[in-house]
Amino acid sequence: MAKTLLEMKNIVKEFPGVKALNNVNLTVEEGEIHAICGENGAGKSTLMNVLSGIYPYGSYSGDIFYDGSLCKFQKIKDSEAKGIVIIHQELALVPLLTIAENMFLGNERGSAAKIDWSETFAKADELLKMVGLKDSSKTLIKDIGVGKQQLVEIAKALGKKVRLLILDEPTASLNEIESKHLLDLMLEFKKQGMTSIIISHKLNEISYVADKITVIRDGSSIMTLDKTKDNFTEDTIISAMVGRSLTDRFPKREPKIGDVCFEVKNWCVDHPIFDGIKVCDNVNFNLRKGEVLGISGLMGAGRTELAMSIFGHSYGSNIHGTILLNGKEVSFPNVKSAIKNKIAYVTEDRKGNGLILTESISQNTVSANPERVSKHYVYDFDKIRKCSQDMARDMHTKCATVDEAVGNLSGGNMQKVLLGKWLFAEPDILILDEPTRGIDVGAKYEIYCIINKMVAEGKSVIMISSEMPEILGMCDRIYVMNEGKMIAEMSGKDATQEKIMTCIINSGK
């Protein structure tokens with residue numbers, strides 16, 4: 001019989017006005033991969049923050065038993081000393097430091113008086129090899145992609161002699177190849193005896209790696225499924241997560257597509273730092289009224305750079321090309337001009353560029369269109385509250401009040417505030433960059449319904465997504481992008497995952 005490594009009993013955690021965890025129980029056996037599923041705001045990350053000491057003993061009620069001992073962690077260092085290491089969805093790396101410096105930050109090699117750099121880089125290279133990362137440990141973090149940064153975080157955990165590895169949405173920012181590599185790495189660690197907890201909304205990935213799944217709903221543990229004994233299907237998991245069956249992942253829509261309303265011709269963008277590197281190379285595409293247009297491609301294809309450069313030249317240098325809006329040539333030299341022309345861009349980086357985390361939900365909601373809630377440059381605070389309350393209701397945002405700081409919300413509810421912010425700007429064209437990253441299936445469905453409502457009103461949506469089922473399930477037409485170029489165009493009805501990947505592979509030859 002397998003040994004119980006972790007047992008969390010009757011965990012209760014409250015925030016002002018909200019009971020985030022309500023008698024949650026979790027049991028994890030040694031050497032297993034245990035998944036935790038639930039809707040955004042269900043309490044998954046809160047539970048892991050309790051376990052890792054981010055929320056110290058005394059700020060919650062209940063007991064944590066680890067390796068047979070009662071634990072009362074006061075800080076994250078206490079849990080790490082026991083071999084419990086958490087890797088958050090938002091990676092905690094310093095861009096301008098090397099890989100090695102990041103890996104041993106706070107865990108330096110050498111003496112109290114002097115860092116042993118030879119040992120630091122040698123040990124870092126050794127750990128990088130273990131996770132399959134070939135880059136030198138002297139490489140700066142800013143010079144490697146998100147997928148590699150995720151591997152650096154895992155290598156960093158290995159340097160702390162991890163026994164229980166907690167991964168919060170580890171593949172949210174990765175493409176399919178990077179995700180598969182990370183999941184296979186987890187399986188390899190399992191063979192070596194490591195125990196892992198994974199939080200993820202990607203149910204196909206959970207089915208691939210997890211031995212057991214615990215479902216949390218509204219702050220309570222609902223059930224634990226065992227792959228060897230139970231009905232381990234996506235439908236069962238979804239039903240437990242949302243409290244109802246979700247028969248169709250994508251809401252039905254009868255497309256009513258009109259004339260071309262937006263056209264980009266010969267669009268070129270250079271890298272903002274490295275001279276001579278084109279991130280967009282003579283890109284051409286068009287968008288029609290009432291259409292959901294998908295842009296597919298691997299990470300690094302230039303999709304985000306294209307969207308940001310169009311939206312008020314927010315990215316890049318030496319930007320040139322032609323934009324036609326309803327047949328007229330226009331220019332958006334800054335974000336304000338793009339918004340004025342009814343263009344909106346929902347960034348993939350909600351915490352870094354999308355929201356002001358220290359500000360309230362209401363202030364964030366009206367920030368892209370302050371004219372709607374002001375007169376003669378004076379804010380009408382009653383109107384701000386009313387509009388933000390209406391938006392929170394329409395978006396089904398879980399919050400105690402719209403005066404709550406956005407930073408206190410779960411990732412999925414932050415995403416709803418971000419989308420609400422740009423819907424408040426009343427755009428005719430909405431560019432969505434990874435709109436459902438790190439969001440549960442129930443919240444995704446709600447966002448898809450909002451998209452369908454927009455296009456039914458004759459507005460248009462450009463959807464950039466790394467989730468192939470999302471692109472195929474939502475889009476009327478799809479462009480495929482690779483290495484800064486548009487390489488293919490196909491109708492949503494004719495598109496398949498195989499066709500899109502074939503286009504990408506063939507374009508690279």
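This is a predicted model: local features need pLDDT of at least 70, side-chain atom pairs count only at pLDDT 80 or more; totals for chains, interfaces and linings use all residues.
**Entry 1. The largest pocket**

I began with the largest pocket, which holds about 1700 Å³ of space. Its lining consists of 50 residues, and I noted I144, G145, V146, Q149 and E348 as the closest to the pocket's centre. Helix α5 gives the most, with 5 residues. Sorted by class, the lining of the largest pocket has 18 nonpolar, 16 polar and 16 charged residues.

**Entry 2. The second largest pocket**

I next turned to the second largest pocket, whose volume is about 1000 Å³. Here 40 residues form the lining, and those closest to the centre are T46, N408, L409, S410 and G411. Two or more lining residues come from each of β2 (18-29), α1 (44-52), α11 and α14 (411-424). I recorded α1 as the element that gives the most to this lining, with 5 residues. By class, I found 13 nonpolar, 16 polar and 11 charged residues in the lining of the second largest pocket.

**Entry 3. Salt bridges**

How many salt bridges does a search of the whole structure find? The search finds 28. I looked at several of them in turn.

For D143 and K142, I noted a salt bridge with the closest N and O atoms 3.1 Å apart. D143 is partly exposed at 44% relative accessible area, and K142 is partly exposed at 43%.

For E434 and R303, the closest N and O atoms of the salt bridge are 3.9 Å apart. E434 lies in the loop between β19 (429-433) and α15 (441-456) and R303 in helix α9, so this pair ties together parts that are 131 residues apart in sequence. Are these two residues buried or exposed? E434 has a relative accessible area of 6% and is therefore buried; R303, at 6% relative accessibility, also counts as buried.

For D403 and R385, the side chains meet in a salt bridge at 2.2 Å, N to O. D403 sits in the loop between α13 (381-395) and α14, while R385 belongs to helix α13, and the two are 18 residues apart. D403 counts as partly exposed at 44% relative accessibility, and R385 is partly exposed with a relative accessible area of 32%.

Terms used: Residues are numbered from 1 along each chain as its sequence is written. Side-chain values use heavy atoms; hydrogens and water are left out. On a 1 Å grid over the protein atoms alone, a cavity is a set of points where a 1.4 Å probe fits but cannot get out, and a pocket is an open set with protein on both sides within 12 Å along at least five of seven lines; lining residues have an atom within 4 Å of a point. Grid points are joined across faces, edges and corners, and a volume is the space filled by probe spheres set on the points. Helices (H or I, at least four residues) and strands (E, at least two) are DSSP runs, numbered from the N terminus. Ala, Val, Leu, Ile, Met, Phe, Trp, Tyr, Cys and Pro count as nonpolar, Asp, Glu, Lys and Arg as charged, and the others, Gly among them, as polar. A salt bridge is a side-chain nitrogen of Lys or Arg within 4 Å of a carboxyl oxygen of Asp or Glu. Buried means under 20% relative accessible area, exposed over 50%, partly exposed in between (1.4 Å probe, protein chains only).
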